[in-house]
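Reader: I'm new to this one. Can you walk me through it?
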Amino acid sequence: MVIEAKAGHYHQQQQPIKRVNTCAYCKGHTHLINPDNYPNDAYATEAEPGKWMCGNCIDTMEENIVLRNSNPTSERYCQVLAKRQRNWTKR
Ligand SMILES: [Zn+2]
């Protein structure tokens, strides 16, 4: 009975909102996942058990895959490259 109560409590804590988690993949800073502040955190995901990946890191990872695997003349490749170049000139 005690175990059942505990399981029920645990289940209640598993809300779809992931704002209690920090991103395990952001480098150099702590990113608290919060879709209210960062719209792309809406698709943050638990990439490994106990390790959450924020929307920014998912975007970056996806862009890296595009740059590595896409045809350099494809539209998607050009979009990602243009975005990267905008970020570079900002620094
Ligand atoms: Zn991140």
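Author: Let's go from the overall make-up to one strand residue. Keep in mind that this is a predicted model.

Reader: What's the secondary structure of the chain?
Author: There are 3 helices and 2 strands.

Reader: In what order do the elements run?
Author: Starting at the N terminus, the order is α-β-β-α-α.

Reader: Which way do β1 and β2 pair?
Author: They pair in the antiparallel sense, over 3 bridges. β1 covers residues 45–48, and β2 covers residues 51–53.

Reader: And Thr45, what's its bridge partner in β2?
Author: That's Met53.

Reader: How many residues sit between β1 and β2?
Author: There are 2, and the two strands form a hairpin. Look at Gly50 in the turn: its phi is positive, about 80 degrees.

Reader: Switching to Ala47. Where is it found?
Author: Ala47 belongs to strand β1.

Reader: Why does Ala47 count as partly exposed?
Author: Because Ala47 has 15 C-beta neighbours inside 10 Å. A residue needs 20 or more to be buried, and 12 or fewer to be exposed.

Reader: How far apart are Ala47 and Tyr25 in space?
Author: They are 9.7 Å apart, C-alpha to C-alpha. In sequence, 22 residues separate Ala47 from Tyr25.

Reader: Back to the whole chain. What share of the residues is buried?
Author: Buried residues account for 10% of the 91 residues.

Reader: And the contacts between residues at least 6 apart in sequence: what share joins residues at least 24 apart?
Author: In this chain, 23% of those contacts do.

Conventions. Residues are numbered from 1 along each chain as its sequence is written. This is a predicted model: local features need pLDDT of at least 70, side-chain atom pairs count only at pLDDT 80 or more; totals for chains, interfaces and linings use all residues. Two strands pair if DSSP finds at least two bridges between them. Helices (H or I, at least four residues) and strands (E, at least two) are DSSP runs, numbered from the N terminus. Two residues are in contact if their C-beta atoms, placed from the backbone, lie within 7 Å.
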